2 protein chains.
Amino acid sequence: MAKDGFVTSIARQSEDFPGWYNDVVLKAELADYSPVRGCMIIRPYGYAIWESMRDELDRYIKRTGHSNVYFPLFVPRSLLEKEAEHVEGFNPQVAWVTHAGGEELAEWLAIRPTSEAIIAEVVKGWIQSYRDLPLLMNLWNNVVRWELRTRLFLRTAEFLWQEAHTFHATEQEAADEVALGLEGYRSVAEDWLAIPVIRGRKSRAETFPGAVYTDAVEAMMRDRRALQAGTSHMLGQNFARSAGIEFLDRDNLRKNPYGTSWGFSTRMVGATIMAHGDDAGLVLPPNVAPHQVVVVPIFRDDEGRAAVAGAIERLEGAFAGVQTASGPLRWKVDWREESPGFKYNHWELRGVPYRLEIGPRDVAAGQAVLVRRSDRAKEALPLDALAAELPGHLAAYQAGLFQRALDFRAANTHHVDTYADFKHVLDEDGGFLMAPWCGGDECEKEINADTGATIRLVPFDSPDEAGTCLVDGRPSERRVLFARAY
Amino acid sequence: MAKDGFVTSIARQSEDFPGWYNDVVLKAELADYSPVRGCMIIRPYGYAIWESMRDELDRYIKRTGHSNVYFPLFVPRSLLEKEAEHVEGFNPQVAWVTHAGGEELAEWLAIRPTSEAIIAEVVKGWIQSYRDLPLLMNLWNNVVRWELRTRLFLRTAEFLWQEAHTFHATEQEAADEVALGLEGYRSVAEDWLAIPVIRGRKSRAETFPGAVYTDAVEAMMRDRRALQAGTSHMLGQNFARSAGIEFLDRDNLRKNPYGTSWGFSTRMVGATIMAHGDDAGLVLPPNVAPHQVVVVPIFRDDEGRAAVAGAIERLEGAFAGVQTASGPLRWKVDWREESPGFKYNHWELRGVPYRLEIGPRDVAAGQAVLVRRSDRAKEALPLDALAAELPGHLAAYQAGLFQRALDFRAANTHHVDTYADFKHVLDEDGGFLMAPWCGGDECEKEINADTGATIRLVPFDSPDEAGTCLVDGRPSERRVLFARAY
């Protein structure tokens, strides 16, 4: 389809956000539907974006002392059922293997929805004394949660992710680890994906099944909905107790260690699309963009083509070894036999930060035209200066996208004090609503049932501020963040 | 256990190879058994070795123009059954999901034993014309084959691997691709893992189910058994036909593309253990070793400790930025409160290429003692010279291990011409047997049933050599490689 038309048409973001999102994912060839309901095929362009954020997070995880490991895909039913709250949370979403090797299995095997249960069982043999702690492990793998309503990248029956699992001698150490995981997610989201996030704690209702508390980072998408960008769980001694993990501490007493787990998934590819994209398609931050610059040669005849090709060949020499914040400059020349207009559209849809147009007259003038994806601003630059200037341009672009997202979030965050206001603002503008809440499960449920909004977080940096709960008028100590969410 | 004893005892390689192998895997903490039969837990040290070979192969795959993608874990039963020979090959090993999301599924889902079937179905929508070819994809994922007899790394019900899948307009292009995949495996095995391999074609009986032919690289382990180190399959038009993939060629005719697939798995961690290890444990090639050098400080009192610590601190400065063939020098200092003897044993078991012993007298003499893992050869080196000398030492060690493995293979490769000789040599010495074969399935089966040996390959570089088949005496054109194998 795209090959034939001059322009790949996609739904307008402002008119049909879900349609726009699906169009971008499919037509920019990030992902595709699979023959299995709810599962996803990640195509090269989408996978390259995932690899970039994965590698950046992996560097953080290793730098902070964690080791990558692998645990099996299968969790025996009896293990999954050891921690009561945990199994209750995941049971409805589990896919079960009942037959294998031509026989019916004596015990059903769950495809891991997450690995707490099997890890707790196994590390029992590894943790004997305080010298074996902390145990800091990380897994990159696939998990399955049988979701009823799925959307590419955002909610799929199978997804790729990272799950860290750690064990500590003291509660304080575990709490520090929960914060360390969260900081990794903040840093990848903000510094790599240019997506500003709010850090905070989940309400009881939104806490991970089996955890003592769950911290998260929450981001705003271009349709003003919230998206959870990573969660970090304090598991306390829950899993250690049910699995019977004990260690001999320095004081010669046997104790259960404290656990944490934290995860970050391919849904962040969806977040990157929805946090920056516009009517023309993707807008990728340079750190994560598979191509940071695409050169579009412009010519009418062989002579023009030769002149442009010569200039591009010289650029090749100049660009070799150019470093950007995310490694060697990633650029490509689009020599396809298509019109320049087709190529502009193609690479805009794919969110390439800069396009470089070079025609024979440019070559004669020793320049090229650099076009910025975010606002199509054009700038003529001397060919000789490009290698030196591009890293700075890319860094400024990265910072600009982050600032734009920050501004957008600020403009769409509302402080409301009454339920009437709350409903009005939510329906009119959406966005983040900072509102007083008594802390009660019932009020939270009622708001959700009434409006579709959930408490996203009790933000860490929300100041003390006396108020009265939207629903039951009881005292509230600070505002919490409500939003409709993905 | 290891913590308490001076020496971690493992079975002797020469007396009990399988026992030695399991001891090394478990006691060097490469992997562990899991609560699910046949599945494996890969621990940090084992996973780091896997990451090293994975990353090296990934670089080759990307350099040669392939893109990483992801396809779902689940393959609907109907898809798996489309290619008759393929399903017959895998059906007995498949694990089936029959229930998910609290309900029984209308169609059973196979856990992928390999992804040809689902990929063929999906690319049908992507391949329309010759311009969409070649399509060069690679997947890093987990697959499940329900094996009855499993061994850590070598044969597990779930394993991690890479599977490349490509589609081409012509048979010749596909054949070149099969060779390209095989060259990747040769290069990772030989240049990264220091394991020499023989390249060749599998017999009909050993060909991948559904393939036209299968090429492979085959290596010899220290017990003289063969291990397949990677396979590359010419799928011809088989999968394209059964899935109905067609493209419009330059000549305006609709054709089925030619497919290839090739894979390399975590079993190569097992191969690395078995190709180089000795009675003291692992012997790791420097390119793949998580630590290339471990420094063991030796001292009796605080004064001695301070002197040694000072020297090590200066080494830290000198070592920063030192590059080896596989990236920045990977070294660590073992400051644990254990005896030097314990540490020597610990790091020998883990196959660290060089140990550096530094005591107060060494510091006074401005030197350290470098001990080579493979033969425990000792060499005193000036502290000032280490940073400059280590990369060369590591490169020589890498080359030395490769040469040692080559020599070992040469010494254990036998040319035999009669079945009696064949059986005698196989039972007495094992190793690789180069012997004449008529090309018949029946003779191959008989040899396997009689002796347990299989035809590993028809080697590419085996010269024309007239002979008579071991079993039925019919003419043979060249020798083929027989061995007992993993």
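Me: What span does helix 6 of chain B reach from its first C-alpha to its last, and what is expected at 1.5 Å a residue?

Reply: In this predicted model, helix 6 of chain B covers residues 171-192, which is 22 residues, and reaches 31 Å, close to the 32 Å expected. The residue B:Ala194, which follows this helix, has a positive phi near 60 degrees.

Me: What makes the contact between B:Glu15 and B:Arg12 a salt bridge?

Reply: The N to O distance between their side chains is 3.4 Å, and the cut-off asks for a Lys or Arg nitrogen within 4 Å of an Asp or Glu carboxyl oxygen, so the pair is called a salt bridge. B:Arg12 also meets B:Asp279 in a salt bridge, at 3.1 Å from N to O. B:Asp279 lies in the loop between helix 8 and strand 15 of chain B, and B:Arg12 in the segment before helix 1, so this pair ties together parts that are 267 residues apart in sequence.

Me: Why is B:Glu15 called exposed, while B:Arg12 is called partly exposed?

Reply: B:Glu15 has a relative accessible area of 63%, and exposed means over 50%. B:Arg12 has 43%, which lies between the limits of 20% and 50%, and therefore the term is partly exposed.

Terms used
Residues are numbered from 1 along each chain as its sequence is written. Chains are lettered from A and ligands numbered from 1 in the order in which they are written. This is a predicted model: local features need pLDDT of at least 70, side-chain atom pairs count only at pLDDT 80 or more; totals for chains, interfaces and linings use all residues. Side-chain values use heavy atoms; hydrogens and water are left out. Helices (H or I, at least four residues) and strands (E, at least two) are DSSP runs, numbered from the N terminus. The expected span of a helix is 1.5 Å times one less than its number of residues. Buried means under 20% relative accessible area, exposed over 50%, partly exposed in between (1.4 Å probe, protein chains only).
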